[in-house]
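Work through the exercises below with the sequence and the structure at hand. Each task is followed by a solution in steps.

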Amino acid sequence: MNIEAFILEHEKSIRMVFFFGILAIMAIWEIISPRRALTVSKPLRWINNIALVFLNSILLRLIFPLAAVGMTLFVGQQNWGVLNYFELPSVLEFIIAILVMDLVIYLQHVMVHALPMLWRLHRVHHADLDFDVTTGSRFHPLEILLSMLIKFTTIIVLGPTVVAVVVFEILLNLTSMFNHSNVYIHPTIDKWLRLIVVTPDMHRVHHSIEDDETNSNFGFNLPWWDRLFATYKPQPRKGHTGMTIGINKFRDASETSWLPAMLTLPFKGRMSGYVLNRRQWGTPDDENK
Ligand SMILES: [Zn+2]
Ligand SMILES: [Zn+2]
């Protein structure tokens, strides 16, 4: 049996094994060696964050039953997509597909911070008052649907293989859960690790309450895009234990941690003027000032 047939046959179980496997590993690591003390009840956050994950996967199955794999097979049959126009070696095609899909995720992440309407959806991810493995999968259903539409468009234009799409989706799931974890990694190891993957210390900066820190480190998987597009901030000004996680406006667990509150969060308050370059708390040596 070739690898594509194997993936198609066992796709759901492969995803489940990776999801629950990494969740268990990171959850144990967070207990053994936490980076920060949590501020909100862990059972409350976990039950609600995981409930949101289940709600999202049910919604996705209902609205897009064929999902990204179905779209990839369809695009392949139609011979659409840039990669289908070239006879590239399959390894090269795979690497290009992974890189392009990751770049699209990075750009999408910048976009949902830059456009006030989309920031309203994305702030459900940022409103979590603590930062741990469950934060990594906490997204509003409308943002999940938007992500799926962007993914479909990418697949149509790019024409990747099923193997590349499934590997990328699993990889993104794993790295997102890893880089949101509340785990301590020695600074020297972190320094080397973040050359190839986004580490928890790197992504935690992005969950800071400070606007200029939130508007940096957009990468979810590969750390290179932030360096290339100059959105990289190595550490939070107040340090990892001194920094505040979340959004200024939403500091109460009743409006950030319960599932109904998360679902209605995008519709709360006046439309803010929140845009990417409004750096209110930049330091004097900030080169972007
Ligand atoms: Zn973000
Ligand atoms: Zn995040």
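**Exercise 1.** Is H113 buried or exposed?

Solution. This is a predicted model, in which local features need pLDDT of at least 70, side-chain atom pairs count only at pLDDT 80 or more, and totals for chains, interfaces and linings use all residues. Residues are numbered from 1 along each chain as its sequence is written, chains are lettered from A and ligands numbered from 1 in the order in which they are written, and side-chain values use heavy atoms, with hydrogens and water left out. Step one is the cut-off: buried means under 20% relative accessible area, exposed over 50%, and partly exposed in between (1.4 Å probe, protein chains only). Step two is the value: H113 has 0% relative accessibility, so H113 counts as buried.

**Exercise 2.** Find the protein donors of the zinc ion (ligand 1).

Solution. Donors are N, O and S atoms within 2.8 Å of the metal (3.2 Å for Na, K and Ca); water is not among the atoms, so sites may look incomplete. The NE2 atoms of H109, H113, H122, H126 and H206 meet this, lying 2.1 to 2.2 Å from the zinc ion (ligand 1). Their spacing in sequence is H-x3-H-x8-H-x3-H-x79-H. H113 lies in helix α4 (residues 90-114) and H126 in helix α5 (residues 116-126), so this pair ties together parts that are 13 residues apart in sequence. Helices here are DSSP runs (H or I, at least four residues), numbered from the N terminus. H126 is buried, at 1% relative accessible area.

**Exercise 3.** Describe the site of the zinc ion (ligand 2).

Solution. H125, H180, H203 and H207 each coordinate the zinc ion (ligand 2) through NE2, at 2.1 Å. The angles around the zinc ion (ligand 2) run from 88 to 165°, which makes the arrangement irregular. H203 is buried at 0%, and H207 is buried at 0%. The two zinc ions, ligand 2 and ligand 1, are 5.3 Å apart.

Conventions. Four donors count as tetrahedral if all angles lie between 85 and 135 degrees; four count as square planar and six as octahedral if opposite donors are over 155 degrees apart and all others between 65 and 115; anything else is irregular. Helices (H or I, at least four residues) and strands (E, at least two) are DSSP runs, numbered from the N terminus.
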